[in-house]
Amino acid sequence: MAPPGGGGKLRDGDRDEDRDRTPAAGMRRFTWKEIGQRNGLGPAPQERWLVIHRKVYDISNFFKKQNLDLFSFVPVLLQDAFVAFHVDKVLVSKYLKPLQIGELAPDQPSVEPTKNEMLVKDFRELRATVERMGLLEPNQLFFFLLLAHILLLDTAAWLILFYFGTSLLPFVFSLLLLTISQVQASWLQHDLGHLSVFRKTKWNHLLHKFVMCHLIGASAKWWTLLHSQHHAKPNCFHKDPDIDMHPFLFTLGKKFSVELGIKKKKYMPYNHQHKYFFITLPPLLFPTYFHCHTFYIAYTKKYWADLAWMLTFYIRFFYTYGSLLETKSLLAYYFIFRMLESSWFVWVSQMNHIPMDIDYDKNLDWVSTQLLATCNVEQSLFNDWFTGHLNFQIEHRLFHTMPRHNYCKVAPLVKSLCAKHGIEYQCKPLLTAFADIVHSLKTSGELWHDAYLHK
């Protein structure tokens with residue numbers, strides 16, 4: 001197998017690229033400078049152009065009609081992002097074709113001048129290698145067993161109360177089983193949302209609604225909306241919704257903490273945020289914010305199918321558990337398992353991001369954007385299960401639709417790519433990753449405090 005960027009395959013890719021440099025007859029030809037001015041950020045009417053495989057598309061009207069939140073965060077969506085986000089590229093191309101207004105001029109490089117051209121070429125070669133190796137093909141038995149163990153735990157949680165009563169010990173044991181089931185369902189819906197379980201998109205969407213809406217009680221489309229924005233520009237301020245907690249609850253990142261301090265802004269006592277983190281975000285994200293937000297978005301965006309699916313979760317839960325528990329115990333049971341689920345989810349989801357670089361969008365290439373914002377956690381059977389394979393966050397970021405059971409196979413190739421280009425490939429023990437969340441919050445809080453008092 002040729003290394004990324006080396007050998008004959010690169011020459012084959014170069015020949016393909018040379019053929020692509022010849023614009024079709026009658027097509028307008030554009031420079032990167034012209035395209036860069038159509039990023040949707042200027043005065044109205046704001047134009048939005050995309051470049052995919054050297055073809056230029058004007059999505060201005062399509063953007064307004066479809067409310068494409070993802071594109072609002074990616075002014076110039078290049079080939080690597082397009083390939084990463086879309087499984088059925090033929091179908092997407094049908095929608096794009098009427099929007100094509102031209103192509104890149106023959107003298108223009110295929111990669112935007114601000115990007116690392118050699119890194120982009122090597123990554124595209126790595127992507128081709130991954131496809132040849134079949135690493136984007138799902139093992140459906142793997143995912144079937146995941147779903148089976150989720151349903152088994154969900155059922156066992158109720159049966160324990162049914163057979164052993166509602167005294168303290170069965171109550172606690174049932175809570176633990178339901179929490180495990182819910183978190184593992186969260187990891188599975190994540191796989192489905194990334195279209196990595198089935199080859200056909202519609203089956204991923206259908207089972208996604210079942211797992212996310214019926215088993216968990218949240219909107220699948222709500223999750224897709226927020227998560228797509230997060231993946232498009234991770235850790236980019238004003239573009240990644242996962243860091244919207246800055247500055248109202250926490251101050252994140254060294255740069256923004258100093259800026260906030262200089263401006264004398266104090267929404268919270270940030271110098272103590274590494275302490276109040278334990279009693280705010282982990283236990284309360286699901287029971288409070290997510291509960292309200294998922295229903296709000298589903299209602300305002302008219303996700304009626306999702307709302308109907310979500311109601312089936314609450315009907316099922318309160319009917320089955322309500323037949324065993326008194327009202328106060330039922331509400332306590334529900335709130336406690338949501339707090340436990342939330343804590344597990346937050347520690348795992350934030351260990352890859354909060355300690356990493358948080359900044360404004362620097363318009364870097366796809367690979368650099370993803371790698372600067374994330375890190376890995378060491379592989380083990382427990383870590384894989386506990387984190388839903390998000391311990392391989394780097395590989396997940398680069399290959400969105402790759403089934404998680406193949407992350408360990410592509411990891412050595414990604415490490416080689418990083419080593420070749422001098423990019424740090426961070427991998428930590430699980431507990432170190434958790435500790436780094438607290439250390440990062442402590443550091444940014446201290447930077448804010450110093451700037452607030454002395455600058």
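**Close-up views of pockets, cavities and annotated helical stretches**

**View 1. The whole chain, before we zoom in.** Of the 455 residues in the chain, 52% count as buried. Please keep in mind that this is a predicted model. The fold is built from 20 helices and 6 strands. Take the contacts between residues at least 6 apart in sequence: 72% of them join residues at least 24 apart. The accessible surface comes to about 21,500 Å², and carbon and sulfur atoms contribute 63% of that area.

**View 2. The second largest pocket and the helices around it.** This pocket holds about 980 Å³ of space. Its lining is made of 44 residues, and those nearest the centre are Asp242, Leu285, Phe286, Phe290 and Phe345. Helix 8 (168-193), helix 9 (201-216), helix 10 (220-232), helix 13 (281-300), helix 15 (327-350) and helix 18 (393-398) each give two or more residues to the lining. Helix 13 supplies the largest share, with 10 residues. If you sort the lining by class, you will find 20 nonpolar, 18 polar and 6 charged residues.

**View 3. Two stretches annotated in UniProt.** An unreviewed UniProt entry places the feature "transmembrane region" at residues 167-185 and 276-296. In the model, residues 167-185 are 95% helix and 0% strand, with the end C-alpha atoms 27 Å apart. For residues 276-296 the figures are 81% helix and 0% strand, and here the end C-alpha atoms are 27 Å apart.

**View 4. The largest cavity.** The structure has 2 cavities of 30 Å³ or more, and the largest has a volume of about 130 Å³. Around the largest cavity sit 14 lining residues, with Cys236, Tyr360, Leu364, Thr369 and Leu372 nearest its centre. By class, this lining divides into 6 nonpolar, 4 polar and 4 charged residues.

**View 5. The second largest cavity.** Here the volume is about 50 Å³. To find the spot, look for its lining residues: Asp154, Leu178, Gln182, Leu215, Phe313, Arg316, Phe317, Tyr321 and Phe337. Helix 8 and helix 14 (304-322) are the elements that give two or more residues to this lining. The largest share, 4 residues, comes from helix 14. The lining counts 6 nonpolar, 1 polar and 2 charged residues.

Technical notes. Residues numbered from 1 in each chain as written. Predicted model: local features only at pLDDT ≥ 70, side-chain atom pairs only at ≥ 80, totals over all residues. Heavy atoms only, no water. Buried < 20%, exposed > 50% of the residue type's maximum accessible area, 1.4 Å probe, protein only. Contact = heavy atoms within 4.5 Å. Areas by Shrake-Rupley, 256 points an atom, 1.4 Å probe, with all protein chains shown as cover. 1 Å grid on protein atoms, 1.4 Å probe; cavity = no way out; pocket = protein on both sides within 12 Å on 5 of 7 lines; lining within 4 Å. Points joined across faces, edges and corners; volume = space filled by probe spheres on them. Nonpolar A, V, L, I, M, F, W, Y, C, P; charged D, E, K, R; others polar. UniProt positions renumbered as here; feature names shortened; annotations may be inferred.
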